[in-house]
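This briefing gathers a set of computed features under a few topics. Please keep the sequence and the coordinates at hand while reading.

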Amino acid sequence: MEIGPTQTLNSQVGGHAGVLTTEDGSLLIKPAFPRELEIYQKLLYDPALEVLRPFTANFLGTLKLEGEVDQSNPITANGGIAIKPIDDHKDELFWTTQSIVLENVTYPFLKPNILDIKLGTILYDETASPEKVERMKKIARDTTSFETGVRLTGFQVYDNATSLPVITPKSYGKSIKPSDLPDGISRFFPIGQAPSSSSGLPKQTLLPILHAIREDVADIREVFTTLEIRMVGGSLFIVYEADWARAEDGLQRLWLDEGDEEGEDEDEEDEDEDDDDEDRPGPPFVVKIIDFAHTRLAPGEGADEGALLGIDTVLRLLDARIAQIEGLKF
């Protein structure tokens, strides 16, 4: 597929470096190991993964680096650029030559607040060396992963005054204890009060967004109870709109769309009049599962209990934040 000019993804809060975006920001180009490519391909046709598809970014295809400039003799006899082939039979070389193309789920947002939550209690797959297994076990024990099944990989929250994102790096999520997780969620879902708050949405906007995000996470949990997979290093990816007007417009559109679904057999002649995509605001939020580099299908092994533990932790954290905000008087 033809992509055009690319640039580094500036809004990346987790995962490996090297993710690119198209010039308009609508697509991501992500270096991928064979296993991640396999999962995205199977999401398109495998009945076992069909229920997960709505909660993943749309997979659009692959790009492959076919060669590299021959530095020893870069110019051919006829004045062209000399290209030598790359041997991509090994996983580590595959990573540098093969990329997947995905929709950028943050693209429709004007000011995306982004949270990457790594799920699971086991941070290594069956191909890991004994040394890596011990190292990753220690990381899990020393962070929130082993006890809660989650780690806040990183997040960004827009500053209302500067209209710039403030990034909380990976080091924060690695440094906190399970008892600190509610504070991390509060930092990602702050309440904005004009004119004093530097970040956050108004209570009347944030609460319905939180409730809707919680519903999606609960739906994802239900999906994971039916899946026989083992996901190592995968994340729950939450995005919501930080711009006050866009967030409110997105909520109104969400409620209108839900009403249209309930009464879709009525007023069918008016459907085309309401579908001008260019005038539609972006969604108020998105919840996806991302990062399948170490995910495998595991038929006969049952559900991934580590991922389920993590999702349950997220649900409890969201419930606590919702209750906290509902109890505020202002």
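Asp 319 is partly exposed, with a relative accessible area of 35%, and in this predicted model its side chain meets that of Arg 214 in a salt bridge with an N to O distance of 2.7 Å. The pair links distant parts of the chain, since Arg 214 lies in helix α7 and Asp 319 in helix α9 (residues 305-326), 105 residues apart. Arg 214 is likewise partly exposed, at a relative accessible area of 25%.

**Overall make-up**

- The protein contains nine helices and 14 strands, and buried residues account for 46% of its 330 residues.
- Among the contacts in the protein with a separation of 6 or more, 76% are between residues 24 or more positions apart.
- The accessible surface amounts to about 17,300 Å², and carbon and sulfur atoms contribute 50% of this area.

**Salt bridges**

- Across the whole structure, a search finds twelve salt bridges, one of which is the pair of Arg 214 and Asp 319 described above.
- Lys 30 and Glu 36 form a salt bridge through their side chains, at 2.9 Å from N to O, and both of these residues are buried.
- A salt bridge of 3.2 Å, N to O, joins the side chains of Arg 296 and Glu 301; Arg 296 is partly exposed with a relative accessible area of 25%, and Glu 301 is partly exposed with a relative accessible area of 40%.
- Arg 296 and Glu 301 also belong to one network, in which salt bridges that share partners join them with Arg 35, Asp 125, Glu 126 and Arg 230.

**A buried arginine without a salt bridge**

- Arg 151, which lies in strand β9, is buried yet has no salt bridge, and the nearest side chain of opposite charge, that of Asp 116, is 8.1 Å away.
- Leaving aside neighbours within four places in sequence, the contacts of Arg 151 include Asp 116, Ile 117, Lys 118, Leu 123 and Ile 139, and among the others are Thr 143, Thr 144, Ser 145, Gly 173 and Lys 174.

**The second largest pocket**

- The second largest pocket has a volume of about 640 Å³, and 29 residues line it, with Asp 216, Leu 254, Pro 283, Phe 285 and Val 286 lying nearest its centre.
- The elements that each give two or more residues to this lining are α7 (203-226), α8 (244-262) and β13, and α8 gives the most, with seven residues.

- Ser 163, although not a glycine, has a positive phi of about 60°; its place is in the loop between β9 (150-158) and β10 (165-168), and it is partly exposed, with a relative accessible area of 33%.
- Asp 291 is another residue other than glycine with a positive phi, here near 70°, and it is found in the loop between β13 (285-290) and β14 (294-297).
- Asp 291 counts as buried because its relative accessibility is 17%, and buried means under 20% relative accessible area.

Key: Residues numbered from 1 in each chain as written. Predicted model: local features only at pLDDT ≥ 70, side-chain atom pairs only at ≥ 80, totals over all residues. Heavy atoms only, no water. Helix = DSSP H or I, 4+ residues; strand = E, 2+ residues; numbered from the N terminus. Buried < 20%, exposed > 50% of the residue type's maximum accessible area, 1.4 Å probe, protein only. Contact = heavy atoms within 4.5 Å. Areas by Shrake-Rupley, 256 points an atom, 1.4 Å probe, with all protein chains shown as cover. Lys, Arg positive; Asp, Glu negative; His and termini not counted. Salt bridge = Lys/Arg side-chain N within 4 Å of Asp/Glu carboxyl O. 1 Å grid on protein atoms, 1.4 Å probe; cavity = no way out; pocket = protein on both sides within 12 Å on 5 of 7 lines; lining within 4 Å. Points joined across faces, edges and corners; volume = space filled by probe spheres on them.
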